[in-house]
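Thank you all for coming. Let me put the model on the screen before I say anything about it.

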Amino acid sequence: MQDRTWGAAARWLPTCWALVLAVLMLGGALGRGFVLTYDMVWVPDLSLGLDALGLGTALPRAVPSDAVVAVLDEVVPGEVLQKLVLLGALVSAGSGAAALCGRGTVARLVAATVFVWNPFVVERLAIGHWPVLVGYGVLPWVLLAGATWRRTGWLPARLAVLLLVGSLSATTGLVTAVAVVAAAAERSRRRWVGLAVLVGAANAPWVASGLLHAGEATSSAVGADVFAPSSREGLLPAPLHFLTLGGVWNAESVPGSRTGVLAVGLTILLVLLAAVALRRGWSSVPVLLRTPLLVCWSVGMVLVVATWALPDATGRLAGTVPGGGLLRDGARMLALAAPLTAVLAGRGADAVVRVFPDTASRTMVALGCVLAPVALMPDAALGLSGRLAAVDYTASYEGAVEALATLPPGDVVLLPFQSYRAPSWNGGRPVLDPLGRYLGRHVVVEDQLVVDGETLAGEDPRAAEVRDGLAAPTPEARAEALRAAGVRLVVVEDVDRVEVPEVAGDTVGEYGELRVVDVGPGAAPPQPTGAWVTAMAVAWAAWASLLLVGMVRLRRARRSNFAQ
Amino acid sequence: MNNLVTPVVSCVVGGVLAVATLMGVIANQTSAPEQSPGTIDSPEFSYGATIE
């Protein structure tokens, strides 16, 4: 009886531990308000506009993630949904890594710690790549479900839903696709067709939208160099820091502890544990998972090292081949290396613990192994040392939204015409201008990026049209150019030390630091053609059918289990 | 022998964890601010900076 109780507790222990780690890491992000950091912009009510559906003029960078959020926040408030997504991703990641590891409480707990508390998770949280983290969270479960499919020959009901959740953006869709193919592929045409259908349907929205934008789907070649995995993190040169899953291009997203001797300590620890695991713990890794884990690690590392070592080649690819820009931020592919890293750490720790003769020593060493990743990156705690503190939007935002609801229809432009802001109410932390999502109207946003003081070219032709229009010599000429571009309203934000070009028009409202200007009626905003709408409708139908099939099969499987 | 192993292991594990945590906290508290005077005065909002 006692054994059974301990067995049940041991089964849930990694999930509970992952929850503790997730709460500790997110810290202030779980408080009242929204977490706004770099690319992570959540608003109270995201509208389901053309861009979210992949029908806008900009490249589909937030397809299908924005559409999913726009639908879900009709049921759950955006503020709560963001916390559920972040917490759920980390808990799922930790418990999934434990499940990959095989038997042994120590191994499972260490794997959970390494999979949650590592530079990849911290850096992606800091830079706000939440769809990547959601994909990362389901990655172990995709591997497990894929392995089950290969073992039983029956498609697990949960795999369809996992693929959808793991494909909320283009890059994470590729990661998930590699994982499911590595885990489930076998020499059978039927299996390959099944995999192609599943992966194709899960990624259909962004693939279809990307193909429709093929004309402008090439990216700045310079960006490939800038966004290449970093060649150094503190004392660690590449590719050594890739081994511990660090390597984001943006130095501002790297925690302080990664720049000192602690990062070296973490590297040594993980390499030693992996060496021990390969010698004495590999046989404890479930047989069906060994090859998929190795394949994922190899593919991830090859892509990361290639984009780091050959930025010019990546640049040429991004600059000439539509969709080649997907490989720009190559360090995102480190997600594929994480499952094997965590499993080897877990199995290595398990083997080390068994060396000690008495229970007390084993317990101490086990605790040390479980806590070491946290101790070696302590500034990841408490919302990355406060960087993820949730904030409330200013009242002026709500005022602008209410005003816009009563104004004539038409697209909006935000001034200053820049992609990012660093609002004081957000602690001066950089964030993609939240107004673009907050206003609930179609907003033409600047897609040029400034990195190291250098401007990287954007891809949206409409943004270029507005940029050119704002460069006109007089306020009247700017207003005329905006009207010709299908823009009706301009929301001017008063930002300290930033001058904006004056645009002629009627000021129809002032709300704190925001001023709304009506430039008058002009050309109709461009609308997608019938062919585009049809193509995207088919893509979304394929995506939705996978969701439907997955949910129905999941329900049937649960009923069947319940009946047994 | 076992009586000796446990306290030694405890001291080593506890010591390493404590030193590592302390070093991390110090490194974090003494690292350069995210916004340097150079970036604060810049009229462009930067998406980030590479490491070199």
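This is a predicted model: local features need pLDDT of at least 70, side-chain atom pairs count only at pLDDT 80 or more; totals for chains, interfaces and linings use all residues.

Residues are numbered from 1 along each chain as its sequence is written, and chains are lettered from A and ligands numbered from 1 in the order in which they are written.

In chain A, the domain assignment, which is automatic or from a database, gives domain 1 (14–386) and domain 2 (395–518). Their C-alpha centres lie 34 Å apart, and 20 residues of domain 1 are in contact with 19 residues of domain 2, contact meaning that C-beta atoms, placed from the backbone, lie within 7 Å.

Turning to the two chains, 45 residues of chain A are in contact with 28 residues of chain B. On the chain A side, the largest share, nine residues, comes from H16(A), where helices are DSSP runs (H or I) of at least four residues and strands (E) of at least two, numbered from the N terminus.

Finally, chain A has an open sheet of five strands in the order S6-S3-S9-S11-S10, with mixed pairing; strands pair if DSSP finds at least two bridges between them. S6 (443–444) and S10 (506–511) of chain A stand at the edges with a single partner strand each, so one side of each is left without a neighbour in the sheet. Within that sheet, S9 and S11 of chain A pair in the antiparallel sense over five bridges, and Val490(A) stands opposite Val517(A) in S11(A).
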